[in-house]
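Hello,

Here is the structure I said I would pass on. Please open it first, then read my notes below.

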Amino acid sequence: MRIRSARRSDLPLLQDIERAAGEPFRALGMAFVADDDPPPLDLLEGYRQAGRCWVATDPLSATGDRPLGYVLADPVDDALHIEQVSVDPSAARRGIGRALIAHLAARAAARGMSALTLTTFTDVPWNAPYYARIGFRILPEAELTDGLRAIRAEEAQHGLDRWPRVCMRRELAPASSAARPSDAPGTAKAPRVPDTSPSSDTSEAVAVSGSP
């Protein structure tokens, strides 16, 4: 698995991934989520230019350097907030979502951030239960930061609160200087992360803050 910075030519493919990743929600009676538009190209381009959009590829497969999943992130308070992480269902159960999150964790720790955060659906099997398996915990209301409260308010305006949602947080250990990823644009390789959960990465259609 290879994690690299997104290229402009990747962006329409990320929209395709988002549409495919939304389809499993339809079987749960969440057609509103499945039918939601993917992030627009100008928004994705903004993340790309800011260096906060990464894609996962498998150079050894038939798909080559074509993105199989992607992640967007924003600095929010003391943490790096996962704005969106989605994986094409055709590439499910390969640890791609986990590898993308591991990549974010390494970059956030190298920049002195204390945690990863996200918002997600409570009762969707590949949302909050999946994140709990990889080290995230649900934040009680009293622990929400101002930034997370603002994100939740935006989600409510978008209509996502028709299903239970939570904020989650994973604490990060400080990175040693030798382990810090380069700030230069280009390719970064994510560690191969063991995937021992039998239901882990099932579709990996993860709805987080902003658009689901």
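Start at Arg93, which sits in the loop between strand 4 and helix 4 (96-110). Arg93 is not a glycine, yet its phi is positive, at about 60 degrees. Please keep in mind that this is a predicted model.

Asp77 shows a positive phi as well, about 55 degrees, and is likewise not a glycine. Look for Asp77 in the loop between strand 3 (64-76) and strand 4. Asp77 counts as partly exposed, because its relative accessibility of 47% falls between the 20% and 50% cut-offs.

**The overall picture**

The protein has 6 helices and 9 strands. It runs to 212 residues, and 51% of them count as buried. Take the contacts in the protein with a separation of 6 or more: 79% of them come from residues 24 or more positions apart. The accessible surface is about 9,500 Å². Carbon and sulfur atoms hold 54% of that surface.

**Gln84**

Next, go to strand 4 (residues 79-87), where you will find Gln84. Is Gln84 buried or exposed? It is buried: the relative accessible area of Gln84 is 1%, which is under the 20% cut-off. Which side chains does Gln84 touch through polar contacts? One is the side chain of Glu18, at 2.9 Å. Another is the side chain of Ser86, at 3.3 Å. So a buried glutamine has polar partners here: Gln84 has a relative accessible area of 1%, and its side chain makes polar contacts with Glu18 and Ser86.

**Salt bridges**

How many salt bridges does a search of the whole structure find? The count is 18. Here are some to look at.

- Arg52 and Asp74: the closest N and O atoms of this salt bridge are 2.4 Å apart. Arg52 lies in the loop between helix 3 (41-49) and strand 2 (53-58), while Asp74 lies in strand 3, so the pair ties together parts that are 22 residues apart in sequence. Arg52 is partly exposed, at 24% relative accessibility. Asp74 is buried, with a relative accessible area of 17%. Asp74 gets that label because 17% is under the 20% cut-off.
- Arg26 and Asp35: their side chains meet in a salt bridge, 2.8 Å from N to O. Arg26 counts as partly exposed, with 34% relative accessibility.
- Glu141 and Arg149: the closest N and O atoms in this salt bridge are 2.8 Å apart. Glu141 counts as exposed, because its 55% relative accessibility is over the 50% cut-off. Arg149 is partly exposed, at 35% relative accessible area.

There is also a network. Which residues are linked in it? Salt bridges link Arg2, Arg4, Arg7, Asp10 and Asp65.

**Where to look**

View Gln84, buried in the model, with its 2.9 Å polar contact to Glu18.

Best wishes

Technical notes:
Residues are numbered from 1 along each chain as its sequence is written. This is a predicted model: local features need pLDDT of at least 70, side-chain atom pairs count only at pLDDT 80 or more; totals for chains, interfaces and linings use all residues. Side-chain values use heavy atoms; hydrogens and water are left out. Helices (H or I, at least four residues) and strands (E, at least two) are DSSP runs, numbered from the N terminus. Buried means under 20% relative accessible area, exposed over 50%, partly exposed in between (1.4 Å probe, protein chains only). A polar contact is a pair of N or O atoms within 3.5 Å; within protein, one must be able to donate a hydrogen and the other to accept it, and residues adjacent in sequence count only if both atoms are side-chain atoms. A salt bridge is a side-chain nitrogen of Lys or Arg within 4 Å of a carboxyl oxygen of Asp or Glu. Contact means heavy atoms within 4.5 Å. Accessible areas come from the Shrake-Rupley method with a 1.4 Å probe; for residues, only the protein chains shown count as cover.
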